[in-house]
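Got a minute to look at how some chains and helices meet? Here are a few questions to work through together.

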Amino acid sequence: MDKQKDIAKSIRRASIKKNWAMFKQSKLGMIGIYIVGFFLFLSLLQPFLFVTGIWNKGIYDPVVGYSEQFQDFLVVDCPKEYPTEKYKSRTDCPARNEINIRTLFYSDAQVGETIYQNLQPAPPSKKHILGTDPLGRDVFSQIMEGSQVAFILGLLSATLGVGISTLLGTIAAFYGGRVDAYLMRQSDLILMLPTLPLLFIISAFSELKVWHLAVVLGTIGGLGGSVITIKSQALQVKVKPFVDSARITGGSRMNILFSHVLPNVAPLALLFMVFSVTGAIASESVLSFLGLLNIDMSWGLMIYLAQVEGYIFSGMKFWWLILPAGLSVTFLAGGFYLVGRGLDEVFNPRLRKR
Amino acid sequence: MKNNLLEVRNLEKYFEVSSGIFSRNKSIVKAVDGISFDIPFGSSLGLVGQSGCGKTTTARALSLLDPKTSGTVNFYNEETSSMQSIDELEGEELRKFRRNIQMIFQDPYESLNPRWNIKDIILEPLNIHNIGNLKDREEAVYEILKTVGLTPPENYMPRYPHELSGGQRQRVSIARTLIMKPKFVVCDEPTSMLDVSIRISIMDLMLNLAKDLEVSYLYITHDLAVARYMCDRIAVMFNGKIVEIAETEELLSNPIHPYTKRLISSIPIPDPSYKRERYELDFSELDNIIANNSDELPMAEVKSGHYVATHDVKGIL
Amino acid sequence: MKNILEVKNLCMSYSTIEGEVEAVKDVSFSVKEGESFGIVGESGCGKTSVAMSLLQLQADNGKITNGQILFDGKNIVQLNESELRSIRWSGISMVFQGAMNSWNPVVKIGEQIREAIREHYPDKSKDENTKKILELFNIVGLDSSVIDRYPHELSGGMKQRAVIALALSCDPKLIIADEPTTALDVVIQDQILNEIRKVQEVLGLSLIYISHDIAVIAEMTDNMAVMYAGSIVERGPTKEIFSNPRHSYTKSLLESTPSIVGDKVKLKSLDGEPPSLINKEPGCSFAPRCPYKEESCNPLREMELIEINNEHYVDACNAGKL
């Protein structure tokens, strides 16, 4: 019997190798894996840096850290009308190394003097790779924190959603009749509802924390369109000869449902899971941007802060407040999507090139 | 003394087909239109016919997969030593009765669950019927793998179906089917998707097991040559009816019904010097005659054990 | 009688993730004008690959690595796509496996055949084409109304006849038929085989018939080749091979085919499975399963065909045996 276990292990290893080789063939899938892997690394990097003491929590904590950025500034008096010979438009004054005298409330400095001031948000420097935000917190640390949030939220809601839709889809396929009709109508209803406005409404009723959002997204996603697709897959499995064989042998319906049909529907469900992570990450960032989410730090919140403090229309002057967060959302969501495409080729033999 | 294991009388299976989404008219497709036959213990009956003749529908009805529309199907009940209709069985009794009937399917690639390993696939019937304890069950799987020629069994038990060839998968199906020692096995063209050189070994295996375990087969095929190799008796089906039924050699040497004659004369012979005489037949005429004779017509016994359907075929002879 | 097709040492392999699959190895045969040539073998023996490579229709990852294919004296292996297109259908045409299911379901049959004719004879008028199609239908036994029907309105047998008409539409000199009757009932198969034979006689075509069913090959072909694991193991006149089979595989094939005539004999089967063609080992690929192995058998020896009789070739290992 031990020999069996050895053979079983080697078979599993061989099949994992084969699936990996097939996955590697998909360029899209590989790009996706690299992207997702990069962000995973980021989300694990932060606690590592804190635990090992490389980063001082006081300075680098994404929520409560504060970093002083002192710098020499030339005091100027910004004119009322533009353009002048020194400045082309209003946004050019004060320039990077200048400070408008009207914003100095506590100092006796005069125009033309150089003063040593603390200014947030600070541009990227050796100490802070991506600079600091208006509250003096390290942006890079915030990105890493946001990465953790994105992963947790994405995977949690995806798992929940997929669990629900697989169960419902399989039940609909298996029992047919009224059960099927009801589940399909329910699915149509959910499909028809626009998700974001629904989330706005929910946020008005109760305070949305990350967990709440994950549950809501998971449930809505799970009850929606994927039920229909899983049901059609389950229907195909239901008519296969091995299911007939189990019926003839005398298996009960429950037994056949869980031990025969479900495992064969699972690969498709896994695929859905990967795709729904994309939606979850995007939804979270939208909600945070609108300030509807009760969360300490996330990418959407970073952009929210930038907007609230008025930095969004500053163009490239304060790019580190907006670009890293925005690009992270895009890339991670896109990365998961690409992984899903790669997985699709592994699971769906018809899409394979060879 | 050869009892009958199975007695079928006027088995009918009709399907309702609606002619449109909004139409209330439902036309009836008579897939199986009143067939009768017996299968004695330990003997095998071949059911031969072209696609659409109703042989697969018959198989599914007899293996209790799809319910029949009407007719009587009696199985021999060992506890009461008498024939018992399957209509009387339900619930737990029906489940226990299912031990006696099994089915082997045509497609070796679709008849095994791709996510289960071989051991679990063969274990399943024992688990469903709660036979013995875990150790006994694993022993039984081990033994039956040896019997069907998949040795050494340890190499096969942890494997998954996609790692085996078509012939090996059919052996697994046979092992799973026969581990419960059923009395009646329906075989739906189990070798038609296998390579020619492997077919014989599978068929020989089935013949040997039938002898050892006293199993009766209902062997469904479109290939008369295979039916000849596997079966004691052959029934020829056309459009849902049995047109002729006889012992194998008798049927092949002395066919009476025009359809049987046409069928036999269409089969290519693996001998370039053999001159095959084609027996011509107007099929639309035959169709009409059979459709018009949908009452229960008794079959005429032209010779001992050789029955022919008695619709009026003189017009096309 | 001159040769319409000569295949010399054809080799083709596919590159897959798991390795090189040598699907066709050193295959040589020739087909004369008006002759019917059969290729018989089981799944994976390479017969379909041979057929596809004759028209260079193999999958993207397949490549002809060696050999010549001489059609009417001209080597077609090195031709480019547009030159090949002029040969396809008007020189060599093909009836594929499962072809009856590859009709476009939303286009009428007649229109689909017209499409093929227009490709090769763009100057012909619609009436000329219609007349030609009706002639073809007459030959294959189809009613003239089929020209305006959709595929789903026809039965399997009718669709297959239409496929044959399609293959004949551009007056080819050679037709390759790859298992044209596999999914059909035996009665309809008989009718279709009859039609094919009639067509061959009437039009003087050459035919390559590929099948795993040795009985059909016996009835339909003048000469034949037996393939195993990518190579031809025996080749010669059909009558000769059936009355005097020499290769162990040929003998095993004949001994494992049940028949409805003659005495009921106990048939013999072969142990094992056909070998995997991925990264194949050199040497005789049949040796592991050979039931007639002698002590002189050297499994590492490569196969070569030797003529033992008039046009009857067999692997050297079986040539010396009686």
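Before we start: two residues are in contact here if their C-beta atoms, placed from the backbone, lie within 7 Å. Also, this is a predicted model.

Q: How many residues of chain B are in contact with chain C?
A: Let's take the two sides in turn. Chain C brings 30 residues to this contact. On the side of chain B, the number is 31.

Q: Which helix gives the largest share of the side of chain C that touches chain B?
A: The elements giving two or more residues to this side are H6(C), H7(C), H8(C) and H9(C). The largest share is five residues, and it comes from H7(C).

Q: Which helix gives the largest share of the side of chain A that touches chain B?
A: Chain A puts 19 residues into this contact, and chain B puts in 25. On the chain A side, the elements with two or more residues are H1(A), H9(A) and H10(A). The largest share, eight residues, belongs to H9(A).

Q: Are H3(B) and H6(B) roughly parallel or roughly antiparallel to each other?
A: The axes of H3(B), residues 118–128, and H6(B), residues 166–178, come within 7 Å and cross at roughly 30 degrees. Angles under 35 degrees count as roughly parallel. So H3(B) and H6(B) are roughly parallel.

Q: How many charged residues are there in the contact of H3(B) with H6(B)?
A: From H3(B) come B:Ile118, B:Ile121, B:Ile122 and B:Pro125, which meet B:Val172, B:Ala175 and B:Arg176 in H6(B). Six of the contact residues are nonpolar and none are polar. The charged count is one.

Key:
Residues numbered from 1 in each chain as written. Chains lettered and ligands numbered in written order. Predicted model: local features only at pLDDT ≥ 70, side-chain atom pairs only at ≥ 80, totals over all residues. Axes fitted to C-alpha atoms, helices over the stretch in contact; angles between N-to-C directions. Helix = DSSP H or I, 4+ residues; strand = E, 2+ residues; numbered from the N terminus. Parallel < 35°, antiparallel > 145°, perpendicular 65-115°, else oblique. Nonpolar A, V, L, I, M, F, W, Y, C, P; charged D, E, K, R; others polar.
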